[in-house]
Amino acid sequence: MSQSVVTVTTTTSTSTSTAPRHGTIIDQGYLRSYSALLKVAQMVCLLIGFLCVNSVANHYSPYTYFQVVSCWLLIAICIFYIISIFHLQQYLTCLNWQLVEFFHYVFGTVLLLIASIVLAVDSYKMSRIIAATVFGFLATILCAVSLFLSYNVASFQCHRTGAA
């Protein structure tokens, strides 16, 4: 009686990447996410606030501080938005992008809150400065929401990898 041995090899692979499929460059799923919509709303509020302050001809230092903070946040959020849309974080693995974005929102939210408070104190019934203050506080709230959401994602990832 002859015995034969049959070896069956199965390969299972799971992919946790949400990279775009079918040869597309842009991640369509991210564009419809809450994180992307929050970033767009932040960019719009910061741009409107920056333009309102920029339209005032006075180069008074509190106005300049608000311009610097809002312009820095606008550029940084735009960079994070582009990195997320094109899924560049999978190619730039030297940084933990969730942690970088979290610390960006921590410092950005605090600086924007300070700039908005200083702008509110020095508004002097100027309608453009009052509008910039409102959009500054709105952008601060949106950044705080993004900070909360990025903290939840970052802490869940750290907790999950620590348990494994």
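Analyst: A residue is called buried when its relative accessible area is under 20%, and exposed when that area is over 50%. With that in hand, let's look at this predicted model.

User: Thanks! Why does histidine 87 count as buried?

Analyst: Histidine 87 has 9% relative accessibility. The cut-off for buried is under 20%, so histidine 87 at 9% counts as buried. Its place is in the loop between α3 and α4.

User: Over to serine 127. How do you know whether serine 127 is buried or exposed?

Analyst: The relative accessible area of serine 127 is 58%. Exposed needs a value over 50%, so serine 127 is exposed. You will find serine 127 in helix α5, which covers residues 127-163. Between serine 127 and cysteine 52 there are 9.1 Å in space, C-alpha to C-alpha, and the two are 75 residues apart in sequence.

User: What makes lysine 39 and glutamate 101 a salt bridge?

Analyst: The side chains of these two residues meet with an N to O distance of 2.5 Å. The rule asks for a Lys or Arg side-chain nitrogen within 4 Å of a carboxyl oxygen of Asp or Glu, so the pair at 2.5 Å qualifies. Lysine 39 sits in helix α2 and glutamate 101 in helix α4, 62 residues apart, and the pair links distant parts of the chain. By this rule the count comes to 1 salt bridge.

User: How is the packing of α2 and α4 described?

Analyst: Two packed helices are described by the angle between their axes and the distance between the axes. Helix α2 (residues 34-54) and helix α4 (residues 97-121) pack at about 35 degrees, with axes 14 Å apart. The crossing of α2 past α4 is left-handed. From α2, Lys39, Gln42, Leu46 and Val53 meet Glu101, Tyr105, Leu112 and Leu119 of α4. The contact residues comprise 5 nonpolar, 1 polar and 2 charged.

User: Now the aromatic rings. Why is the pair of tyrosine 30 and tyrosine 81 called tilted?

Analyst: The search of the whole structure finds 3 aromatic pairs, including this one, with 6.4 Å centre to centre and 50 degrees between the planes. Centres must lie within 6.5 Å, and planes under 30 degrees apart count as stacked, over 60 as edge-to-face and the rest as tilted. The value of 50 degrees falls in the rest, so the pair is tilted. Tyrosine 30 lies in helix α1 (residues 28-31) and tyrosine 81 in helix α3 (residues 61-85), so the pair ties together parts 51 residues apart in sequence. Tyrosine 30 is buried at 14%, and tyrosine 81 is buried at 15%.

User: And what makes the pair of phenylalanine 80 and tryptophan 97 edge-to-face?

Analyst: Here the planes are 80 degrees apart and the centres 6.3 Å apart. Phenylalanine 80 counts as buried at 8% relative accessibility. Tryptophan 97 has a relative accessible area of 19%; the limit is under 20%, so tryptophan 97 is buried.

Conventions
Residues numbered from 1 in each chain as written. Predicted model: local features only at pLDDT ≥ 70, side-chain atom pairs only at ≥ 80, totals over all residues. Heavy atoms only, no water. Axes fitted to C-alpha atoms, helices over the stretch in contact; angles between N-to-C directions. Helix = DSSP H or I, 4+ residues; strand = E, 2+ residues; numbered from the N terminus. Left-handed = near helix turned anticlockwise from the far one by under 90°. Contact = heavy atoms within 4.5 Å. Nonpolar A, V, L, I, M, F, W, Y, C, P; charged D, E, K, R; others polar. Phe/Tyr/Trp six-rings, centres within 6.5 Å; stacked < 30°, edge-to-face > 60°. Buried < 20%, exposed > 50% of the residue type's maximum accessible area, 1.4 Å probe, protein only.
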